[in-house]
Amino acid sequence: MTSPRFIDRLKTGLWDENPGLVQLLGLCPVLAVTSTFVNGLGLGIATIAVLVASNGLVSATRRWILTEIRIPIYVLIIASLVTCIELVFKAWFPYLDRSLGIFIPLIVTNCAIVARAEVFASRNTVGASLADGFVMGLGFALLLMAIGGFRELLGQGSLFAGMDMLIGGEPIRGLVLLDGGWLLAILPPGAFFSLALAIAAKNVIDRRQREKLKNAMLGQARRARK
Amino acid sequence: MSASTVIKGGVTLAVIAAICTTLVAFTYRLTEERIDANEQALLERSLQPALSGLFYDSGVTESKIIVPPPHDLPGSEAAIIYRVYAQQEPVAALFVVSARDGYAGPIRILVGADTEGLVTGVHVLEHRETPGLGDRVESTKSDWVKQFEGRSLLDPTPSEWAIKGDGGQFDQLTGASVTPRAIVKAVKNTLVYYDAHRDELFADAPAESDQQKEVP
């Protein structure tokens, strides 16, 4: 897995083709659960687990599946996996499960998962598909965490509040940096603004890099001419 | 699609469905016990905030009474009453009721009161109030619900069981008065009910408590 190709794939999943930032898939959870960092992290972990498992299963069965019935089969596989993950969350992270509520079962409807099954897992080896599921899930999870952390910081002035839901123990209020905060950030519009800012930031960085590359190439060309 | 393709597709689907069902069934078996235990623990833990400073030795959740609507407790859904005992003697009662007039739908609250009618704790279980405004009634977000502890129908007097904005004695929350008003009213009505039905509630001995006993 440490081949350079995995690193390329990592960059693709986290940056170039980030399911949330670039493909804009699965926006429902991105917008709905990211009111805190912990919620983002929890749903991120669940999504990674479902994506890796569904990519693996779809890839492993790809030879026997007729193209005509592939979609119902993906739906079956994904729905069962999500049910399993939900049960696991209920058993081991009951508080997080309560906090995420309906959004764990709703992973079923995250089109990023069907998209990866269709675009990648149905055409590639099991190993590659597992890796793809992991990097794509990671890209999605990092976006959830970034937006969750951003909104929590702005809206409540804290970070990592409620970490006890994941790691157990006494209720944790997190790092309280400010008392109170900018309410709008936790309300639904805050989710849209944060996502827009994240996409804009990514575009700015990408453009800068493109320009740098272009200038470097121009410079090389000029030097070559001299 | 030829007939053989249809059959092949159907068989594939059936096989995959069987595998998926097995997977779910297996996970269910594996997690069933933990989930039950968690739910029980969650319930016991969710009742703790209403039991502050009480000594009791009974399993609280075992003495459950479900009061189906219509009833005189706040809320239009079934209310739940838990009775708390120490050495077979009643110590307190916990009420799970709904404050009907929240800002965004009913607010499910837990009210505990000892046999003297003194509030042992109020805790918001479920609500859909505005984040940052009404949701400060949650005990994780502010100490607002603490002000009920030790109060009773005599302290303050019934007319002062209201938020300060309405001439009562209870603090309100900046930017949100609907939520506190609804909760104060629900707590008061719960205490009124408790006052009227206290003897009935503890009429049956703790050992033979009836799980589904109906009370008016």
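Tutor: In chain A, 21 of the 24 residues of α3(A) are buried, so this helix is largely enclosed by the rest of the structure; a residue is buried if 20 or more other C-beta atoms, placed from the backbone, lie within 10 Å of its own, exposed if 12 or fewer, and partly exposed in between. The model is predicted: local features need pLDDT of at least 70, side-chain atom pairs count only at pLDDT 80 or more, and totals for chains, interfaces and linings use all residues. Residues are numbered from 1 along each chain as its sequence is written, while chains are lettered from A and ligands numbered from 1 in the order in which they are written.

Helix α3 of chain A covers residues 37–60 and reaches 34 Å from its first C-alpha to its last, close to the 34 Å expected at 1.5 Å a residue. That expected span is 1.5 Å times one less than the number of residues, and helices are DSSP runs (H or I, at least four residues) numbered from the N terminus.

Leaving aside residues up to four places away in sequence, A:Val50 touches A:Ile78, A:Leu81, A:Val82, A:Ile85, A:Ile107 and A:Ile113; contact requires C-beta atoms within 7 Å. A:Val50 is also among the residues with the most contacts inside the largest nonpolar core, which has 55 residues. Such a core is a set of buried Ala, Val, Leu, Ile, Met, Phe, Trp, Tyr and Cys residues joined through C-beta atoms within 7 Å. Elements supplying at least two residues each to this core include α3 and α4 of chain A and α1 (3–47) of chain B. The largest share, 14 residues, comes from α7(A).

Definitions and conventions. Contact = placed C-beta atoms within 7 Å.
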